[in-house]
Amino acid sequence: MDFNYSPEDEAFRAEFRAWLENNRQYATAAREPLADESDGEWDARIRWHRKLNEGGWIGLSWPREYGGRGATLLQSIIYEEELERAGTAVPSAGFGISLLGPTLIHWGTEEQKRRHLPKILTAEEIWCQGYSEPNSGSDLASVQTRAVEEGDYFVVNGSKIWTSSAHHADWIFLLARTDPEAPKHKGISYLLVDMKTPGITVRPLVQMTGARGFNQVFFEDVRVPKQKIVGEKNQGWQVAITTLMFERSGGHDRGLMRQVRALTALAKRMARNGRSAWDDTSVRQRIAQFVMEVEAIKYTHFRQLTRQLKGLPPGPEGSMMKLCATELGLKIATFAMELLGPYSQFEHGAAFAIDHGAWSQRMLAARGPTIYAGTNQVQHNIIGERVLGLPKG
Ligand SMILES: Cc1cc2nc3c(=O)[nH]c(=O)nc-3n(C[C@H](O)[C@H](O)[C@H](O)COP(=O)(O)OP(=O)(O)OC[C@H]3O[C@@H](n4cnc5c(N)ncnc54)[C@H](O)[C@@H]3O)c2cc1C
(Lines give C-alpha, C1' and ligand atoms only; values in the text may rest on other atoms or scores of the structure.)
Protein backbone atom coordinates (compact mmCIF):
# COMPACT_ATOMS: atom_id res chain seq x y z
CA MET A 1 0.00 0.00 0.00
CA ASP A 2 1.46 3.35 -1.05
CA PHE A 3 -0.01 6.20 0.97
CA ASN A 4 1.38 8.94 -1.28
CA TYR A 5 -0.67 10.56 -3.98
CA SER A 6 0.85 11.15 -7.40
CA PRO A 7 1.54 14.76 -8.51
CA GLU A 8 -1.46 14.47 -10.90
CA ASP A 9 -3.73 13.46 -8.02
CA GLU A 10 -2.42 16.28 -5.84
CA ALA A 11 -3.09 18.70 -8.71
CA PHE A 12 -6.60 17.29 -9.02
CA ARG A 13 -7.13 17.84 -5.28
CA ALA A 14 -5.85 21.41 -5.46
CA GLU A 15 -8.09 22.19 -8.43
CA PHE A 16 -11.22 20.87 -6.75
CA ARG A 17 -10.37 22.48 -3.41
CA ALA A 18 -9.97 25.85 -5.13
CA TRP A 19 -13.24 25.38 -7.00
CA LEU A 20 -15.04 24.54 -3.73
CA GLU A 21 -13.57 27.64 -2.07
CA ASN A 22 -14.84 29.82 -4.92
CA ASN A 23 -18.30 28.28 -4.96
CA ARG A 24 -18.85 27.82 -1.25
CA GLN A 25 -21.91 30.09 -1.33
CA TYR A 26 -23.86 27.61 -3.49
CA ALA A 27 -23.05 24.52 -1.41
CA THR A 28 -25.58 22.70 0.72
CA ALA A 29 -24.35 21.42 4.10
CA ALA A 30 -23.73 17.69 4.57
CA ARG A 31 -27.17 16.40 5.49
CA GLU A 32 -28.19 14.13 8.33
CA PRO A 33 -29.02 10.68 6.96
CA LEU A 34 -32.75 9.89 6.79
CA ALA A 35 -33.66 13.34 8.12
CA ASP A 36 -36.90 14.86 6.93
CA GLU A 37 -36.47 17.32 4.13
CA SER A 38 -36.82 20.90 5.23
CA ASP A 39 -38.69 23.41 3.06
CA GLY A 40 -36.70 24.26 -0.03
CA GLU A 41 -34.02 21.67 0.74
CA TRP A 42 -34.63 19.58 -2.37
CA ASP A 43 -34.41 22.65 -4.61
CA ALA A 44 -31.18 23.69 -2.88
CA ARG A 45 -29.73 20.22 -3.48
CA ILE A 46 -30.64 20.40 -7.17
CA ARG A 47 -29.04 23.86 -7.44
CA TRP A 48 -25.83 22.55 -5.81
CA HIS A 49 -25.81 19.53 -8.12
CA ARG A 50 -26.17 21.82 -11.18
CA LYS A 51 -23.47 24.16 -9.96
CA LEU A 52 -21.10 21.22 -9.58
CA ASN A 53 -22.07 20.02 -13.03
CA GLU A 54 -21.34 23.41 -14.56
CA GLY A 55 -17.85 23.11 -13.12
CA GLY A 56 -17.49 19.57 -14.50
CA TRP A 57 -17.68 18.03 -11.03
CA ILE A 58 -20.58 15.62 -11.55
CA GLY A 59 -20.35 12.11 -12.98
CA LEU A 60 -16.70 12.19 -12.07
CA SER A 61 -15.83 8.62 -13.04
CA TRP A 62 -18.09 8.56 -16.12
CA PRO A 63 -16.27 8.52 -19.46
CA ARG A 64 -15.78 11.92 -21.10
CA GLU A 65 -17.79 10.87 -24.16
CA TYR A 66 -20.88 10.71 -21.93
CA GLY A 67 -20.23 14.04 -20.22
CA GLY A 68 -18.22 12.71 -17.28
CA ARG A 69 -14.72 13.66 -16.20
CA GLY A 70 -13.09 10.27 -16.76
CA ALA A 71 -11.62 10.49 -13.26
CA THR A 72 -9.66 7.62 -11.78
CA LEU A 73 -10.78 5.67 -8.73
CA LEU A 74 -8.32 7.58 -6.53
CA GLN A 75 -9.58 10.90 -7.82
CA SER A 76 -13.14 9.89 -6.93
CA ILE A 77 -11.92 9.23 -3.38
CA ILE A 78 -10.11 12.58 -3.28
CA TYR A 79 -13.31 14.25 -4.50
CA GLU A 80 -15.28 12.82 -1.57
CA GLU A 81 -12.51 13.71 0.88
CA GLU A 82 -12.57 17.32 -0.27
CA LEU A 83 -16.35 17.55 -0.03
CA GLU A 84 -16.12 16.13 3.49
CA ARG A 85 -13.33 18.51 4.41
CA ALA A 86 -15.40 21.48 3.20
CA GLY A 87 -18.40 20.22 5.22
CA THR A 88 -20.51 20.17 2.08
CA ALA A 89 -22.87 17.50 0.89
CA VAL A 90 -21.93 14.78 -1.56
CA PRO A 91 -24.42 15.72 -4.28
CA SER A 92 -27.43 13.46 -4.17
CA ALA A 93 -30.38 13.96 -6.44
CA GLY A 94 -31.91 10.50 -6.63
CA PHE A 95 -30.02 7.49 -7.94
CA GLY A 96 -29.11 8.65 -11.45
CA ILE A 97 -25.48 9.53 -10.86
CA SER A 98 -24.57 6.77 -8.44
CA LEU A 99 -26.56 3.80 -9.77
CA LEU A 100 -28.41 4.08 -13.06
CA GLY A 101 -25.83 6.13 -14.98
CA PRO A 102 -22.94 3.68 -14.40
CA THR A 103 -25.28 0.74 -15.11
CA LEU A 104 -26.39 2.25 -18.43
CA ILE A 105 -22.79 3.04 -19.38
CA HIS A 106 -22.08 -0.67 -18.96
CA TRP A 107 -25.29 -2.25 -20.31
CA GLY A 108 -27.33 0.41 -22.11
CA THR A 109 -27.80 0.73 -25.85
CA GLU A 110 -26.20 3.76 -27.47
CA GLU A 111 -29.67 5.27 -27.83
CA GLN A 112 -30.41 4.75 -24.12
CA LYS A 113 -27.12 6.35 -23.15
CA ARG A 114 -27.63 9.38 -25.42
CA ARG A 115 -31.22 9.80 -24.24
CA HIS A 116 -30.76 9.46 -20.49
CA LEU A 117 -27.20 10.23 -19.39
CA PRO A 118 -27.16 13.98 -20.22
CA LYS A 119 -30.35 14.61 -18.25
CA ILE A 120 -28.96 12.73 -15.25
CA LEU A 121 -25.90 14.98 -15.27
CA THR A 122 -28.02 18.13 -15.37
CA ALA A 123 -30.51 16.75 -12.79
CA GLU A 124 -33.31 17.48 -15.24
CA GLU A 125 -34.46 13.91 -14.70
CA ILE A 126 -34.41 12.33 -11.27
CA TRP A 127 -34.30 8.55 -10.89
CA CYS A 128 -35.47 6.19 -8.16
CA GLN A 129 -34.77 2.49 -7.65
CA GLY A 130 -37.62 -0.02 -7.90
CA TYR A 131 -36.13 -3.21 -6.54
CA SER A 132 -37.76 -4.12 -3.20
CA GLU A 133 -41.31 -5.40 -3.01
CA PRO A 134 -43.54 -6.13 -0.01
CA ASN A 135 -42.40 -9.79 -0.14
CA SER A 136 -39.00 -9.44 -1.81
CA GLY A 137 -36.11 -7.75 -0.09
CA SER A 138 -33.04 -9.79 0.77
CA ASP A 139 -34.29 -12.46 -1.62
CA LEU A 140 -34.50 -9.92 -4.42
CA ALA A 141 -34.68 -12.51 -7.20
CA SER A 142 -38.13 -13.47 -5.96
CA VAL A 143 -39.70 -10.20 -7.28
CA GLN A 144 -43.31 -10.66 -8.35
CA THR A 145 -44.03 -7.47 -10.31
CA ARG A 146 -45.03 -8.74 -13.76
CA ALA A 147 -44.17 -7.35 -17.19
CA VAL A 148 -46.12 -8.96 -20.03
CA GLU A 149 -45.31 -8.31 -23.71
CA GLU A 150 -48.08 -6.71 -25.74
CA GLY A 151 -47.07 -5.49 -29.21
CA ASP A 152 -44.36 -2.85 -28.82
CA TYR A 153 -44.86 -2.61 -25.06
CA PHE A 154 -44.38 -4.38 -21.77
CA VAL A 155 -47.43 -4.04 -19.53
CA VAL A 156 -46.34 -3.78 -15.91
CA ASN A 157 -48.45 -4.72 -12.88
CA GLY A 158 -47.34 -4.93 -9.26
CA SER A 159 -45.89 -2.82 -6.51
CA LYS A 160 -42.51 -1.65 -5.23
CA ILE A 161 -41.83 -0.59 -1.66
CA TRP A 162 -39.29 1.46 0.34
CA THR A 163 -38.69 3.42 -2.86
CA SER A 164 -36.53 6.35 -1.73
CA SER A 165 -37.23 9.68 -3.45
CA ALA A 166 -40.00 8.26 -5.68
CA HIS A 167 -42.01 11.38 -4.84
CA HIS A 168 -39.30 13.48 -6.55
CA ALA A 169 -38.53 11.06 -9.35
CA ASP A 170 -39.23 11.47 -13.07
CA TRP A 171 -38.10 7.92 -13.85
CA ILE A 172 -37.75 4.58 -12.09
CA PHE A 173 -35.48 1.65 -13.00
CA LEU A 174 -37.21 -1.53 -11.94
CA LEU A 175 -37.03 -5.29 -11.94
CA ALA A 176 -40.03 -7.16 -13.28
CA ARG A 177 -40.74 -10.81 -13.96
CA THR A 178 -41.06 -11.50 -17.66
CA ASP A 179 -40.99 -15.32 -17.44
CA PRO A 180 -42.78 -16.76 -14.40
CA GLU A 181 -41.96 -20.33 -15.47
CA ALA A 182 -38.17 -19.90 -15.56
CA PRO A 183 -35.93 -20.39 -12.48
CA LYS A 184 -36.25 -17.17 -10.48
CA HIS A 185 -32.95 -15.52 -11.54
CA LYS A 186 -33.64 -16.26 -15.21
CA GLY A 187 -37.07 -14.71 -15.71
CA ILE A 188 -36.38 -11.09 -14.71
CA SER A 189 -36.04 -8.01 -16.92
CA TYR A 190 -34.67 -4.57 -16.09
CA LEU A 191 -36.92 -1.73 -17.30
CA LEU A 192 -36.73 2.05 -17.42
CA VAL A 193 -40.13 3.53 -16.69
CA ASP A 194 -41.32 7.11 -17.00
CA MET A 195 -43.07 7.98 -13.72
CA LYS A 196 -45.64 10.06 -15.62
CA THR A 197 -46.98 6.97 -17.44
CA PRO A 198 -50.68 6.42 -16.67
CA GLY A 199 -51.26 3.70 -14.02
CA ILE A 200 -48.46 4.68 -11.60
CA THR A 201 -49.39 5.77 -8.07
CA VAL A 202 -46.85 6.92 -5.48
CA ARG A 203 -47.93 6.61 -1.85
CA PRO A 204 -45.65 8.10 0.83
CA LEU A 205 -44.43 6.04 3.79
CA VAL A 206 -43.11 7.66 6.96
CA GLN A 207 -39.84 6.37 8.41
CA MET A 208 -39.39 5.92 12.15
CA THR A 209 -37.30 9.11 12.17
CA GLY A 210 -40.49 10.88 11.04
CA ALA A 211 -38.94 11.55 7.64
CA ARG A 212 -41.00 11.13 4.47
CA GLY A 213 -38.31 9.89 2.11
CA PHE A 214 -39.86 6.49 1.36
CA ASN A 215 -42.77 5.45 -0.81
CA GLN A 216 -44.75 2.53 -2.06
CA VAL A 217 -45.21 2.65 -5.83
CA PHE A 218 -48.11 0.86 -7.51
CA PHE A 219 -48.19 -0.17 -11.18
CA GLU A 220 -51.50 -0.87 -12.83
CA ASP A 221 -51.37 -1.79 -16.54
CA VAL A 222 -48.41 0.53 -17.05
CA ARG A 223 -47.29 0.47 -20.69
CA VAL A 224 -43.53 0.63 -21.15
CA PRO A 225 -42.06 0.86 -24.68
CA LYS A 226 -39.93 -2.19 -25.45
CA GLN A 227 -36.85 -0.09 -26.22
CA LYS A 228 -36.77 0.78 -22.49
CA ILE A 229 -35.47 -2.66 -21.53
CA VAL A 230 -31.82 -2.68 -20.40
CA GLY A 231 -29.99 -5.83 -21.48
CA GLU A 232 -31.87 -8.81 -22.84
CA LYS A 233 -35.36 -9.92 -21.90
CA ASN A 234 -35.18 -12.38 -18.96
CA GLN A 235 -31.49 -11.54 -18.46
CA GLY A 236 -32.14 -8.55 -16.18
CA TRP A 237 -30.57 -10.22 -13.15
CA GLN A 238 -27.05 -9.57 -14.49
CA VAL A 239 -27.95 -5.91 -15.02
CA ALA A 240 -29.50 -5.76 -11.54
CA ILE A 241 -26.30 -7.15 -10.02
CA THR A 242 -24.24 -4.47 -11.77
CA THR A 243 -26.40 -1.78 -10.14
CA LEU A 244 -26.06 -3.55 -6.77
CA MET A 245 -22.28 -3.59 -7.13
CA PHE A 246 -22.32 0.18 -7.57
CA GLU A 247 -24.68 0.48 -4.58
CA ARG A 248 -22.47 -1.62 -2.34
CA SER A 249 -19.17 -0.24 -3.51
CA GLY A 250 -18.70 2.34 -0.83
CA GLY A 251 -19.79 5.38 1.06
CA HIS A 252 -20.82 3.49 4.19
CA ASP A 253 -17.94 5.01 6.16
CA ARG A 254 -18.86 8.53 5.05
CA GLY A 255 -19.09 11.04 7.89
CA LEU A 256 -18.12 8.66 10.73
CA MET A 257 -15.19 10.79 11.93
CA ARG A 258 -17.44 13.86 11.84
CA GLN A 259 -19.82 12.01 14.16
CA VAL A 260 -17.05 11.06 16.56
CA ARG A 261 -15.98 14.71 16.72
CA ALA A 262 -19.57 15.75 17.45
CA LEU A 263 -19.72 13.05 20.15
CA THR A 264 -16.52 14.40 21.72
CA ALA A 265 -17.99 17.91 21.76
CA LEU A 266 -21.13 16.52 23.39
CA ALA A 267 -19.10 14.70 26.09
CA LYS A 268 -17.36 17.97 26.91
CA ARG A 269 -20.69 19.70 27.41
CA MET A 270 -22.60 17.04 29.37
CA ALA A 271 -22.24 16.99 33.15
CA ARG A 272 -21.43 13.76 34.98
CA ASN A 273 -20.91 13.55 38.75
CA GLY A 274 -20.32 17.29 39.00
CA ARG A 275 -17.74 17.37 36.19
CA SER A 276 -17.94 17.10 32.46
CA ALA A 277 -18.49 13.62 31.04
CA TRP A 278 -15.21 14.07 29.13
CA ASP A 279 -13.35 14.07 32.49
CA ASP A 280 -14.52 10.50 33.03
CA THR A 281 -11.82 8.12 31.74
CA SER A 282 -14.39 5.48 30.80
CA VAL A 283 -16.08 8.00 28.48
CA ARG A 284 -12.76 8.94 26.89
CA GLN A 285 -11.90 5.25 26.45
CA ARG A 286 -15.18 4.60 24.62
CA ILE A 287 -14.60 7.55 22.32
CA ALA A 288 -10.99 6.49 21.73
CA GLN A 289 -12.31 3.05 20.79
CA PHE A 290 -14.63 4.66 18.22
CA VAL A 291 -11.71 6.63 16.76
CA MET A 292 -9.71 3.40 16.41
CA GLU A 293 -12.62 1.70 14.67
CA VAL A 294 -13.01 4.60 12.24
CA GLU A 295 -9.30 4.36 11.46
CA ALA A 296 -9.47 0.58 11.04
CA ILE A 297 -12.34 1.01 8.59
CA LYS A 298 -10.38 3.67 6.73
CA TYR A 299 -7.41 1.32 6.25
CA THR A 300 -9.73 -1.54 5.26
CA HIS A 301 -11.08 0.84 2.64
CA PHE A 302 -7.50 1.45 1.45
CA ARG A 303 -6.95 -2.31 1.18
CA GLN A 304 -10.09 -2.56 -0.94
CA LEU A 305 -8.78 0.30 -3.06
CA THR A 306 -5.42 -1.41 -3.52
CA ARG A 307 -7.18 -4.51 -4.84
CA GLN A 308 -9.26 -2.45 -7.24
CA LEU A 309 -6.23 -0.49 -8.47
CA LYS A 310 -4.47 -3.80 -9.18
CA GLY A 311 -7.51 -4.89 -11.21
CA LEU A 312 -8.37 -7.72 -8.80
CA PRO A 313 -12.01 -8.76 -8.30
CA PRO A 314 -13.78 -7.28 -5.24
CA GLY A 315 -12.62 -9.00 -2.05
CA PRO A 316 -14.31 -9.48 1.30
CA GLU A 317 -13.43 -5.91 2.37
CA GLY A 318 -16.68 -4.54 0.93
CA SER A 319 -18.87 -6.70 3.18
CA MET A 320 -16.63 -6.12 6.18
CA MET A 321 -16.68 -2.36 5.69
CA LYS A 322 -20.43 -2.26 5.22
CA LEU A 323 -20.93 -4.33 8.35
CA CYS A 324 -18.41 -2.56 10.58
CA ALA A 325 -19.15 0.99 9.41
CA THR A 326 -22.91 0.72 9.81
CA GLU A 327 -22.61 -1.03 13.19
CA LEU A 328 -20.21 1.67 14.32
CA GLY A 329 -22.67 4.39 13.27
CA LEU A 330 -25.24 2.71 15.48
CA LYS A 331 -22.81 2.36 18.43
CA ILE A 332 -21.81 6.04 18.26
CA ALA A 333 -25.43 7.20 18.24
CA THR A 334 -26.38 4.81 21.05
CA PHE A 335 -23.47 6.02 23.20
CA ALA A 336 -24.64 9.61 22.64
CA MET A 337 -27.98 8.51 24.13
CA GLU A 338 -26.12 7.32 27.26
CA LEU A 339 -24.31 10.64 27.55
CA LEU A 340 -27.53 12.57 27.12
CA GLY A 341 -29.31 10.55 29.80
CA PRO A 342 -32.88 11.87 30.26
CA TYR A 343 -32.26 14.47 27.53
CA SER A 344 -32.13 11.63 25.02
CA GLN A 345 -35.91 11.37 25.35
CA PHE A 346 -36.50 14.67 23.61
CA GLU A 347 -37.52 14.22 20.01
CA HIS A 348 -35.76 15.84 17.12
CA GLY A 349 -36.72 19.50 17.03
CA ALA A 350 -38.35 19.50 20.50
CA ALA A 351 -37.92 22.55 22.73
CA PHE A 352 -35.06 22.05 25.28
CA ALA A 353 -33.58 19.21 23.20
CA ILE A 354 -29.77 19.39 23.19
CA ASP A 355 -28.47 20.03 19.65
CA HIS A 356 -32.15 20.21 18.60
CA GLY A 357 -32.46 16.46 19.23
CA ALA A 358 -30.02 15.61 16.44
CA TRP A 359 -28.73 12.57 18.37
CA SER A 360 -32.10 10.91 18.90
CA GLN A 361 -32.72 11.42 15.18
CA ARG A 362 -29.30 9.89 14.40
CA MET A 363 -29.93 6.95 16.71
CA LEU A 364 -33.11 6.07 14.79
CA ALA A 365 -31.58 6.85 11.39
CA ALA A 366 -28.52 4.68 12.07
CA ARG A 367 -30.71 1.54 11.65
CA GLY A 368 -31.33 2.33 7.96
CA PRO A 369 -27.80 1.64 6.68
CA THR A 370 -27.77 -1.69 8.54
CA ILE A 371 -30.72 -2.69 6.32
CA TYR A 372 -30.23 -1.25 2.83
CA ALA A 373 -27.65 -2.38 0.27
CA GLY A 374 -27.84 -5.91 1.72
CA THR A 375 -28.80 -6.27 5.40
CA ASN A 376 -26.04 -6.84 7.91
CA GLN A 377 -27.27 -10.38 8.56
CA VAL A 378 -26.77 -11.04 4.86
CA GLN A 379 -23.25 -9.53 5.10
CA HIS A 380 -22.58 -11.95 8.00
CA ASN A 381 -23.63 -14.79 5.70
CA ILE A 382 -21.30 -13.57 2.94
CA ILE A 383 -18.35 -13.26 5.31
CA GLY A 384 -19.11 -16.64 6.89
CA GLU A 385 -19.47 -18.51 3.63
CA ARG A 386 -17.09 -16.76 1.24
CA VAL A 387 -14.35 -15.55 3.57
CA LEU A 388 -14.32 -18.06 6.41
CA GLY A 389 -15.47 -20.96 4.23
CA LEU A 390 -18.17 -22.01 6.69
CA PRO A 391 -20.87 -24.39 5.43
CA LYS A 392 -24.02 -22.77 4.00
CA GLY A 393 -26.78 -22.55 6.64
C1 LIG B 1 -33.26 3.71 4.38
C2 LIG B 1 -33.64 2.69 3.36
C3 LIG B 1 -33.76 3.05 2.02
C4 LIG B 1 -34.16 2.12 1.07
N5 LIG B 1 -34.32 2.52 -0.24
C6 LIG B 1 -34.73 1.62 -1.16
C7 LIG B 1 -34.93 2.03 -2.53
O8 LIG B 1 -34.76 3.20 -2.87
N9 LIG B 1 -35.33 1.09 -3.42
C10 LIG B 1 -35.52 -0.21 -3.08
O11 LIG B 1 -35.84 -1.01 -3.95
N12 LIG B 1 -35.37 -0.63 -1.79
C13 LIG B 1 -34.97 0.27 -0.83
N14 LIG B 1 -34.81 -0.13 0.49
C15 LIG B 1 -35.19 -1.50 0.85
C16 LIG B 1 -34.02 -2.40 1.20
O17 LIG B 1 -33.30 -2.75 0.05
C18 LIG B 1 -34.63 -3.66 1.88
O19 LIG B 1 -35.21 -3.21 3.10
C20 LIG B 1 -33.58 -4.71 2.17
O21 LIG B 1 -33.16 -5.31 0.98
C22 LIG B 1 -34.13 -5.81 3.11
O23 LIG B 1 -35.28 -6.33 2.60
P24 LIG B 1 -36.61 -6.45 3.48
O25 LIG B 1 -36.88 -5.10 4.10
O26 LIG B 1 -37.69 -7.03 2.63
O27 LIG B 1 -36.26 -7.43 4.65
P28 LIG B 1 -36.22 -9.03 4.58
O29 LIG B 1 -35.40 -9.46 3.42
O30 LIG B 1 -37.61 -9.55 4.68
O31 LIG B 1 -35.43 -9.37 5.90
C32 LIG B 1 -36.06 -9.37 7.19
C33 LIG B 1 -35.01 -9.81 8.21
O34 LIG B 1 -34.58 -11.15 7.91
C35 LIG B 1 -33.16 -11.17 7.74
N36 LIG B 1 -32.81 -12.10 6.64
C37 LIG B 1 -33.37 -12.17 5.42
N38 LIG B 1 -32.77 -13.14 4.69
C39 LIG B 1 -31.79 -13.67 5.47
C40 LIG B 1 -30.80 -14.68 5.28
N41 LIG B 1 -30.70 -15.35 4.13
N42 LIG B 1 -29.96 -14.96 6.31
C43 LIG B 1 -30.05 -14.27 7.50
N44 LIG B 1 -30.96 -13.32 7.74
C45 LIG B 1 -31.81 -13.01 6.74
C46 LIG B 1 -32.77 -9.75 7.33
O47 LIG B 1 -31.41 -9.48 7.64
C48 LIG B 1 -33.75 -8.94 8.16
O49 LIG B 1 -33.26 -8.78 9.46
C50 LIG B 1 -34.43 0.78 1.45
C51 LIG B 1 -34.30 0.41 2.81
C52 LIG B 1 -33.93 1.35 3.75
C53 LIG B 1 -33.83 0.93 5.19
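1. A cavity here is a set of points on a 1 Å grid, laid over the protein atoms alone, where a 1.4 Å probe fits but cannot get out. Grid points are joined across faces, edges and corners, and a volume is the space filled by probe spheres set on the points. By this rule the structure holds two cavities of 30 Å³ or more. Before you look for them, please keep in mind that this is a predicted model, in which local features need pLDDT of at least 70, side-chain atom pairs count only at pLDDT 80 or more, and totals for chains, interfaces and linings use all residues. Residues are numbered from 1 along each chain as its sequence is written, and side-chain values use heavy atoms, with hydrogens and water left out.

2. Let us start with the largest cavity. Its volume is about 40 Å³. The residues lining the largest cavity (those with an atom within 4 Å of a point) are L340, Y343, S344, F346, A353, I354, G357, A358, W359 and S360. Helix α10 contributes the most to this lining, with three residues; helices (H or I, at least four residues) and strands (E, at least two) are DSSP runs numbered from the N terminus. By class, the lining of the largest cavity has seven nonpolar, three polar and no charged residues. In this count Ala, Val, Leu, Ile, Met, Phe, Trp, Tyr, Cys and Pro are nonpolar, Asp, Glu, Lys and Arg are charged, and the others, Gly among them, are polar.

3. The second largest cavity also comes out at about 40 Å³. Its lining consists of L20, E21, R24, A27, A86 and T88. Three of these lining residues are nonpolar, one is polar and two are charged.

4. Now for an open space. A pocket is an open set of points with protein on both sides within 12 Å along at least five of seven lines. You will find T209, M337, S344, E347, H348, S360, Q361, M363 and L364 along its lining. Helix α10 (residues 358-365) gives the most to this lining, with four residues. The lining of the second largest pocket divides into three nonpolar, five polar and one charged.

5. Which residues have the most contacts inside the largest nonpolar core? They are Y79, Y190 and L192, in a core of 38 residues. A nonpolar core is a set of buried Ala, Val, Leu, Ile, Met, Phe, Trp, Tyr and Cys residues joined through side-chain atoms within 4.5 Å; buried means under 20% relative accessible area, exposed over 50%, and partly exposed in between (1.4 Å probe, protein chains only). A second, separate core has 23 residues, with A267, V283, I287 and W359 among them.

6. Buried residues of α8 include V283, I287, F290, V294, I297 and H301. An α-helix has 3.6 residues a turn, so residues three or four places apart point the same way. The buried residues of α8 pack against α3, α7 (256-269), β9 (271-272) and α9 (317-340). Just after α8, G311 takes a positive phi of about 75 degrees.

7. Helix α3 has 13 residues and reaches 19 Å from its first C-alpha to its last, close to the 18 Å expected. L74, Q75, I77, I78, Y79, E82 and L83 are buried in α3, and their cover includes α1, α2 and α8. Just after α3, G87 has a positive phi of about 70 degrees.

8. Leaving aside residues up to four places away in sequence, S319 touches Q379, I382 and I383 (contact means heavy atoms within 4.5 Å).

9. Finally, have a look at the loop between β3 (153-161) and β4, where W162 is placed. W162 is not a glycine, yet has a positive phi of about 60 degrees; W162 is partly exposed, with a relative accessible area of 48%. S165 is found in the loop between β3 and β4 too, and its phi is also positive, near 60 degrees, in a residue other than glycine. S165 is buried, with a relative accessible area of 15%.

Note on methods: The expected span of a helix is 1.5 Å times one less than its number of residues.
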